[in-house]
Structures are given as structure tokens and as C-alpha cells.
Amino acid sequence: MKFIIRNITLLILFLIVNSCNGQVEKKEKRSLKVEKASEVNKISIPKNGFSNAYLDKDGSLWFSSNGGGVYHYNDKTFKHYTEKNGLSSNRVFSIVPDLKNNLWFGTQNGLTKYDRKQFKHIPLPYRDTLSGWAAKMNPVLSPNAVHSLATDKKDNLWIGTAGGGAYFYDGTNFKSYLTEIGRKQEDSLYHNWIPFIRKDSKGNMWFASMTHGGVSRYDGETFTHYMPEDGLSDDMVRTIYEDRFRKIWIGFNGNRASGLTVYDGNVFKTYSIDEGLCNQRVRAIYEDKNGNLWLGSHLGNLCIFDGQNFSEFTSNGQPYSNILFILGDLKDNVWFGGSDGIWKYDGESVMKMTK
């Protein structure tokens, strides 16, 4: 009788343990299902389109979107990452790597660090946007949002905010810069919006200001500020690019008499609409292998400058508008995109990569 009771007891314990293990496995599967990114051959255009792109060291491409998270393309399929996978926000504006193989994403809700395994949210030093002038502009301007990123020659991170100037981040501490640059707003504060940061070949950091602050250059010790009186065509700057000759090209928001301004280290020169510039609202600049400059415009068509003439880029008679980013891959294909999708140009034809 004792033998039978003991066997029954062991059987009950066995069933309980198996049941618990099954519950744990189911929970783990549910967790993995949340973290796993979806994988498809073509992606649908997010509601507000794409905002930026980055060429990874392995030749794959990352695309950020203004509401749909980020997408990783490995030359065959796209993987999609969102807040469910750990992003701090689905509104992502910038992507930059560091020397430790991490990727950093600038989002509407601060920084996200991706170590190739998981995402980690890193908030900026908080600034109140619930009252005053900033509240009326939100979410157009938010000092807690990261609109631009770049690393310096020591692999420190520089962060451009949408209304709080710039931060220097060494991985532990934040230090604030460029907060009082540009024009004061209705509340008598500056709210400096920095939509773009670029490191040049000499290690200088260049900062664009969209709140009438022009361009700022940091050489590691001091900031130098450039305004229209110094040669810029306007003080509302969108993008900055360095070409193979180390010339700095500057694109503007399109206000007033702005054009495409180039700085050779000594003087500024501006190309205007009267000189053939396709659109004075330049949001993206890229130099291809032949030395042509590709110019993307938010409210105009994609344009190419061969050093002498400007011409709209078309494929089978089709122009491409609302272009917010342009970049090349390791095979010399040119990728461009924005609110209407993503395209790849192989030198002969254009392929749409979205549906």
C-alpha cells in the first residue's frame, strides 16, 4: 500500500513540474515573439515616411522613419524594429555608429543605444515643455527629442536637439552647448534647434541651426559661428556635407534668398535659383563616385550638380520629390528616400524598395 501511495505521489509531482515547465516555456516564447523583428522583402511606407539612413560597416543599410521605427536591410530582406523591440520612440530622426560597434538612434523620446542584441533607452537631461511658448510648438520643437547625432574623433557622442541646443555625451555625463544661439522666441528664450551635425575630415564638428543660428564649427576647443554677414545665404540651416576636396556644402530651409552655399575654408559661395539650382530648399546632400552632388529637397525634386550645371534627376521621365536622405552603398548604388518611399539607383535604372 505504501508503495502504491509513494508512486502516486511521485506521479503527481512529475505532472506538476512538467506543467510549470510548460508555462515557463510558453512565457519565454511569448517574450521572444515580442522581441523578434519582422522580416519582409519589401516594406510598406510608414504613415509619415522615412527620415534618414545609414550604411553599416557590413554593407547593410538602416532606415529610420518618422513614426514607424527603424528598418534594417541586408541586401535581401528588411527587418523592422519598433518600440515593442525596445526603441524609445517610433519617431526616429538620426542614426550613428560608435567604435564599439554600437548603433545610436536619435528619437522623439531621447537616445536609444543598440548593442546589436538589445535596445537601451537613454533619456536626455529633462527640460519642461508643458508650458509657455514651447508647449505651443510641441511636438515640432522638443528639447527632449534628438534630431541629429555624430561622433567626434575621440568617439564621444554629439547630440542635436529640437529646441535645447546640443549635448556632448561621453557615455556617462551630458554637457550642454549652443543653447543661446540664434533668435530669441516669444518667451525671450532661444530654443535652438539643431537638425544636423557633421564631423569633417579634420575632426571639426559642424552644427546646423534652424532657429536663425546659422552654422557653428567646433575644433575641439572653441566654437566659431557663421552667419549671413560672414557669407552664408541664410541663417536657417538644414544640412551640412563635406566633399572629396574638403569643401563644406550647406543646405538651407529655403527661406529668403537662400541657395546652396559652399565653403572652401576661406570664402563662402552661393548657388542660387537664378544660377540653375533646382530648389533652394536643400535637405540632403551626397557626392557620388563621379563627383556629382545629389541634392534632395523636401518640397521639390531630386537634383544633380556636376560642378557646372544643375539638372533634375529622372528615370523614365519620372522625377523624385520629398527626398530627405541620400547615401551610397558599398556597390556604388545611390539610395534616396523620404516621405514617399525608398529608391535604389544602380547607375542605369531606379528600383523602388517600398510598396
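The structure examined here is a predicted model, in which local features need pLDDT of at least 70 and side-chain atom pairs count only at pLDDT 80 or more, whereas totals for chains, interfaces and linings use all residues. Residues are numbered from 1 along each chain as its sequence is written, and side-chain values use heavy atoms, with hydrogens and water left out.

The secondary structure of the protein comprises two helices and 31 strands, where helices (H or I, at least four residues) and strands (E, at least two) are DSSP runs numbered from the N terminus. Of the 355 residues in the protein, 51% are buried, a term that means under 20% relative accessible area, with exposed standing for over 50% and partly exposed for values in between (1.4 Å probe, protein chains only). The protein exposes about 18,200 Å², of which carbon and sulfur atoms supply 49%; such accessible areas come from the Shrake-Rupley method with a 1.4 Å probe. Among contacts (heavy atoms within 4.5 Å) between residues at least 6 apart in sequence, 43% join residues at least 24 apart.

The pairing of β14 with β15 belongs to an open sheet of four strands, which follow the order β14-β15-β16-β17 with antiparallel pairing. At the edges of this sheet lie β14 (196-199) and β17 (223-226), each of which pairs on one side only. Neighbouring strands of the sheet are turned by 20° against each other on average, direction ignored; the axes are lines fitted to C-alpha atoms, and angles run from 0 to 180 degrees between N-to-C directions.

D235 is placed in the loop between β17 and β18 (237-242), and D235 counts as buried because its relative accessibility is 11%. Leaving aside neighbours within four places in sequence, D235 is in contact with S209, H212, G213, G214, M227, P228 and R256. V262, by comparison, is placed in strand β20 (residues 260-263), and V262 counts as buried because its relative accessibility is 7%. With neighbours within four places in sequence again set aside, V262 is in contact with K247, I248, W249, V267, F268, K269 and Y271. From C-alpha to C-alpha, V262 and D243 are 10.0 Å apart in space, and in sequence they are 19 residues apart.

Conventions: Pairing = 2+ DSSP bridges.
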